[in-house]
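Colleague: I'm new to helix packing. Could you walk me through how to read it here?

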Amino acid sequence: MNIRSLTRGDGVVIGAAVVLFIASFLSLFSYDCSGGIDCSRLNSPNAWDSLGILMSVFLAGIIGAALVIVGRLAPRKVVGLDLGQFGTAFTVFALWTAFWTIIDVSGAGAGLILGLLGTIVLAAATVAGPLVPALKAPLVGAPKPPQAVQPPYGGQPGQGYGYPGAQQQPYGAQPSQGYGYPGAQTGGQQGQPGQADPAQAQASQAQQAAPQGGAAPAGDFTPFWFAVPVARPLYGEDGAPNPIAELAPGTWYLAVEQRGQGLIAQTQDGRRGVLQDTTGIQRG
């Protein structure tokens, strides 16, 4: 589960579910105690005293909110539908029931009124969350991109110890063919710093000019970290229509290859796939 995949709309859903839980303990009905009527002995029930209202309004809304949040944190499908879709259906059902219940009673109490307001906000957030840009923004800010490793003194940036592109020298070899290197001129004429043997240099140039056995030239793509502005599907490299994962905003992913207009991205659990929509991505 990735908490950074939660959006502001999901935060509204969580807040509305908390309001529904609190409202379930408040009185459902109100009484008119004017005209000398003694209301001290009246016991107004709450939602926990009425199983029908509890299940159809309060618990239905809370269960719907839970399904939406769980579906966002860990996408799962049941009979071809996402958990979030089931959750949206529960919240709309809770709103529909609360609306007709408050119309049917003669005096609505604080529990029913607050429950209706909670279901309105809950249903609106689940329906409009994936559509309104303000609600699609990440709830938790994106982390800072990984800091570049500082090279050792005198080294080139990005080519420190263990850098994948650095050529590892065999044990006992010198890092360059400069002054004092075994291949430098000796015997009466000392080599100058950074100057190699001319014969060896010519041999090296000839070797570089020779064909490399049909080897393909290295690509100029450099892997980089990126984050998506909104949740976007990651499709398999085999071209299957169903996504293999969903990239969540607020998380950094590694782009390892360019494929047409898309990117080959690698998730934190090692899965690779094609990100077809790269508009608005943030490079680390």
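Modeller: Happy to! Keep in mind that this is a predicted model. Let's begin with who touches whom. From α2, the residues Ile 53, Ser 56, Val 57, Ala 60, Gly 61, Ile 63, Gly 64, Ala 65, Leu 67, Val 68, Val 70 and Gly 71 take part; from α3, they meet Leu 83, Gly 84, Phe 86, Gly 87, Thr 88, Phe 90, Thr 91, Phe 93, Ala 94, Thr 97, Ala 98 and Thr 101.

Colleague: By class, what residues does the contact of α2 with α3 have?

Modeller: There are 14 nonpolar and 10 polar residues, with no charged ones.

Colleague: At what angle do α2 and α3 pack?

Modeller: Helix α2 covers residues 51–73 and helix α3 covers residues 83–104; the angle is about 155 degrees, and their axes lie 7 Å apart. Angles over 145 degrees count as roughly antiparallel, so α2 is roughly antiparallel to α3. Their crossing is left-handed.

Colleague: Now the next pair, please. How do α3 and α4 pack?

Modeller: Helix α4 spans residues 110–128, and α3 packs with α4 at about 150 degrees, the axes being 8 Å apart. By that reasoning, α3 is therefore roughly antiparallel to α4. The crossing of α3 and α4 is left-handed.

Colleague: Which residues in α3 and α4 meet?

Modeller: On the α3 side, they include Thr 88, Val 92, Leu 95, Phe 99 and Ile 102; on the α4 side, Leu 112, Leu 116, Ile 120, Ala 123 and Val 127 are among them. The residues of this α3 with α4 contact comprise 13 nonpolar, five polar and no charged.

Definitions and conventions
Residues numbered from 1 in each chain as written. Predicted model: local features only at pLDDT ≥ 70, side-chain atom pairs only at ≥ 80, totals over all residues. Heavy atoms only, no water. Axes fitted to C-alpha atoms, helices over the stretch in contact; angles between N-to-C directions. Helix = DSSP H or I, 4+ residues; strand = E, 2+ residues; numbered from the N terminus. Parallel < 35°, antiparallel > 145°, perpendicular 65-115°, else oblique. Left-handed = near helix turned anticlockwise from the far one by under 90°. Contact = heavy atoms within 4.5 Å. Nonpolar A, V, L, I, M, F, W, Y, C, P; charged D, E, K, R; others polar.
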